[in-house]
Amino acid sequence: MNNWKRNVWILFICQFLVLGAMTMIMPFLPLYLQELGVEGEKQISIWSGVIFGANFLTAFLFSPFWGRVADRHGRKLMVLRSGFGMAVVIILTGFATGPFELLGLRLLNGVVSGFIPASIALVATNTPKQHVGYALGTLNSGAVAGAICGPLFGGLMAEAFGFRMIFNLTGICILLAAVVVLFLVKEETKPDPEAKVERSNAIKDFKRVTIHSPMLSLFIVGFLVQFALLGMNPLIPLFVQKLASGENVALFAGIATSVMGIANMVASPKLGKIGDKKGSQYVLYYSLIGAAIFSIPQAFVQELWQLIALRFLLGLCIGGLLPSVNSLVKRLSPAGMESRTYSFSNSAIYLGNLLGPITGGWIVAGFGTRGLFIFAGIILLISVVYVKRRVLPILNRKQTVYQTNEVPS
C-alpha cells in the first residue's frame, strides 16, 4: 500500500478514536456540572454554554500559532502535540472539583487541541494532488463515525462507571491515537527550509495567504457552513420532543442526529472522488444547494419520520461541504505555508462552532425551533450565492490557465 493511503487509513482510525472519545463527554457536561455543585436550571444552562464555548474560543485564538509551528517543524509533530496534550488535560478534567476548574481546563484544552485539523493538513500535504479530495473525504468519514458512536458509548459507560471515569477513558483513547500516529504515520513532505528561518506573525501570514484569491472566500464559506449547521444540532432534541409527544425522546433525538452523521460518513469519500475528477468547487456548490433545500422543509414537518428523512438527505449533502473546502484550501495554499493556511481556515470554522449554537439559542427564543431551520437555510442560500459569484468564476479561470499550461507544446 502507498504511504499516503496508509496514512489516510491509520488517521481514519485515529480520528474515529479521538472524535468518539470527545463526543463521549460533551453530552454529559451539564450533568457533570451538577455533580460539581452547580444548582438550578438557569445556572446549569449558563455554565454549560460558557464551558462548551470555552474550548472553541481558545482554539480559534491559538490555531494560527500552531499552524506557523507546523510549517516550520512538521505536521506530524502537531498531531502528536495535540494528541498527548489533550489526553493529559482531559484526564485532569475528571479530577475537577468545581465549575471554575472545569472552565479553566476547557480553555486549556482549546489551547492544545487541533488533532483533527493537524491530521487534515498532514494528509493534504502528503497525498498526490489527484487524490486529495478522496483522502480528505475518507478522513472526514472517520471523524463523523466517531462522533456518531461516541455519545452511545458515553451513555453506556456513564451508567456503568460514572461521569468522572468517562474523562479518564476519553483521555486514554486520545493517548492511544497519539501513540499510533507516533509509530505508524509517515510524513514524507517535510517543511520548507525557508519557512524555518522566516520571521513572520499571524497578520503577515494572513495577508500572504488571502492574497491568493478566492482563499478568503473559502474561509468565509467554512464559517457560514458551521454557523448555519452547528446552530441546529444542540436544539434538535427540543424539536423531537414536540414531534414525539414526549415518548422515547432520547432515543428519537439520537436517531435524528445519527442518521445525518451516517449519511455524511457514506457520502464524504464518494463526493471527494467526484471532486478529484470534476472539481471540488462544483461539489461544494451543489452540496450547498442541496443542504439549503433539505434544511428549510424541516421547519414544516409534522411527523417525526419526515424530520429523520430530511436530516438523512441533509447529511448526504454535508458530506461534500467541509472536505471540499479543505481540498480547495490545499490547492490554493502558498508553498511552505500549507499548515498556516489550514490554521486560518480552522479558525474560521472554530468561530462558526462558537457562534452557531449561541445564535441558534437566540433564534429559538425569538421565533421557536422551526425558525431555526429557516434561518439555517437562508444562511446556506447566501453561501450558495457567495460561492457562485466569488469562488466558481475565479477557480474556473485558474483551472483553464492550469490546463493550458499542462498541454505539451
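## Close-up views of a predicted helical chain

**View 1. Tyr32 and Phe167 as an aromatic pair.** Both Tyr32 and Phe167 are buried, where buried means under 20% relative accessible area, exposed over 50%, and partly exposed in between, with a 1.4 Å probe and protein chains only. The model is predicted: local features need pLDDT of at least 70, side-chain atom pairs count only at pLDDT 80 or more, and totals for chains, interfaces and linings use all residues. Residues are numbered from 1 along each chain as its sequence is written, and side-chain values use heavy atoms, with hydrogens and water left out. The structure holds eleven aromatic pairs; rings of Phe, Tyr and Trp (its six-membered ring) pair if their centres lie within 6.5 Å, and planes under 30 degrees apart count as stacked, over 60 as edge-to-face and the rest as tilted. Tyr32 and Phe167 are tilted, at 4.7 Å centre to centre and 45° between the planes. Tyr32 lies in helix α2 (residues 29–35) and Phe167 in helix α8 (residues 163–184), so the pair ties together parts 135 residues apart in sequence.

**View 2. Trp47 and Phe100 as a ring pair.** The ring centres of Trp47 and Phe100 are 5.0 Å apart and the planes stand at 90°, so the pair is edge-to-face. Trp47 belongs to helix α3 (residues 41–73) and Phe100 to helix α5 (residues 99–112), and the pair links these distant parts of the chain, 53 residues apart. Trp47 is buried, with a relative accessible area of 14%, whereas Phe100 counts as exposed at 65% relative accessibility.

**View 3. A cluster of Phe rings.** Phe206, Phe219 and Phe344 are linked into a cluster by ring pairs.

**View 4. The cis peptide bond at Pro214.** Most peptide bonds are trans. The bond from Ser213 to Pro214 is cis, with omega near 5°. Pro214 is placed in the loop between α10 (202–210) and α11 (215–230).

**View 5. The protein chain as the setting of the close-ups.** The protein chain has 19 helices and zero strands; helices (H or I, at least four residues) and strands (E, at least two) are DSSP runs, numbered from the N terminus. Of its 409 residues, 57% count as buried. The C-alpha atoms of the protein chain fill a box of roughly 70 × 45 × 40 Å along the principal axes. Among contacts (heavy atoms within 4.5 Å) in the protein chain with a separation of 6 or more, 85% are between residues 24 or more positions apart.
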